[in-house]
Amino acid sequence: MLAALRGATARILVAVDTSGSMSNLGEDVLSELDGVLRAVGASCWLLACDAAVAAPPVRVSSLAEAKGALRGGGGTRFDPIFEEAVKMNPLPDAVVVITDSYGTVSQIDPGVQTVWALVGGADKAPAPWGRCVVVRD
């Protein structure tokens, strides 16, 4: 899906699960984030979220910029990600959620193209909507 969105006008929101269960997966998260940045070929919006959004989305074009925006450590709720996404104007073309899938989310599709990038051995997306990509070592 990301290849079809490639270009300077693609608006990609990458949401990183920064909950406590993700604390030992930093290298996996950064690797996936780097892959998204390279696939898009431009900057993307980054959002750190555990039980709540840590800060509004920030535009990043490198891992160095992204590292400073990744903070959290609490529980996990995915709904705040989509609440932020639908506030963006214009809406993102896609939301990529990098997560270990431990958390809660509404079962109602928010209407935003979603890719669940599962790390840490997770193999099932937290919601029935969106596309699921299982990241293996």
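Author: Let us begin with Ser-101, which at 13% relative accessibility counts as buried, because buried means under 20%. Please bear in mind that this is a predicted model. Ser-101 is found in the loop between strand 4 and strand 5.

Reader: What makes the phi angle of Ser-101 worth a remark?

Author: Phi of Ser-101 is near 75°, which is a positive value in a residue other than glycine.

Reader: How confident is the predictor in the chain, and where is the confidence lowest and highest?

Author: The mean pLDDT of the chain is 88, and 93% of its residues reach 70 or more. Confidence is lowest in helix 2, residues 63-67, with a mean of 86, and highest in strand 5, at 96.

Reader: Why is the contact of Asp-34 with Arg-38 called a salt bridge?

Author: The closest N and O atoms of Asp-34 and Arg-38 are 3.0 Å apart. The rule asks for a side-chain nitrogen of Lys or Arg within 4 Å of a carboxyl oxygen of Asp or Glu, so this contact is a salt bridge. Both residues lie in helix 1, four residues apart, which is about one turn of the helix.

Reader: How many salt bridges does the rule give, and what makes Lys-87 and Glu-84 one of them?

Author: The count comes to two salt bridges. In the pair of Lys-87 and Glu-84, the closest N and O atoms are 3.2 Å apart, and the limit is 4 Å. Lys-87 and Glu-84 both lie in helix 3, residues 79-87, three residues apart. Lys-87 is exposed at 59%, whereas Glu-84, at 17%, counts as buried.

Reader: Why is the pair of Phe-82 and Trp-129 called edge-to-face?

Author: The ring centres of Phe-82 and Trp-129 are 5.1 Å apart and their planes stand at 80°. The search of the whole structure finds four aromatic pairs.

Reader: What parts of the chain does this pair link?

Author: The pair links distant parts: Phe-82 is in helix 3, and Trp-129 is in the loop between strand 5 and strand 6, 47 residues apart. Phe-82 is buried at 5%, and Trp-129 is buried at 7%. Phe-82 and Trp-129 belong to one aromatic cluster with Phe-78 and Trp-116.

Reader: What makes a group of residues a nonpolar core, and how many residues has the largest one here?

Author: The members must be buried residues of nonpolar kinds, joined through side-chain atoms within 4.5 Å. The largest such core has 23 residues, and Ile-12, Val-14 and Leu-33 are among those with the most contacts inside it. The largest share of this core, five residues, comes from helix 1. A second, separate core of 19 residues includes Cys-49, Met-88, Val-105 and Ala-125.

Reader: How do you know that the peptide bond between Asn-89 and Pro-90 is cis?

Author: Omega of the bond that joins Asn-89 and Pro-90 is about 0°, and the bond is cis. Pro-90 has its place in the loop between helix 3 and strand 4.

Note on methods: Residues numbered from 1 in each chain as written. Heavy atoms only, no water. Buried < 20%, exposed > 50% of the residue type's maximum accessible area, 1.4 Å probe, protein only. Helix = DSSP H or I, 4+ residues; strand = E, 2+ residues; numbered from the N terminus. pLDDT = per-residue confidence, 0-100. Phe/Tyr/Trp six-rings, centres within 6.5 Å; stacked < 30°, edge-to-face > 60°.
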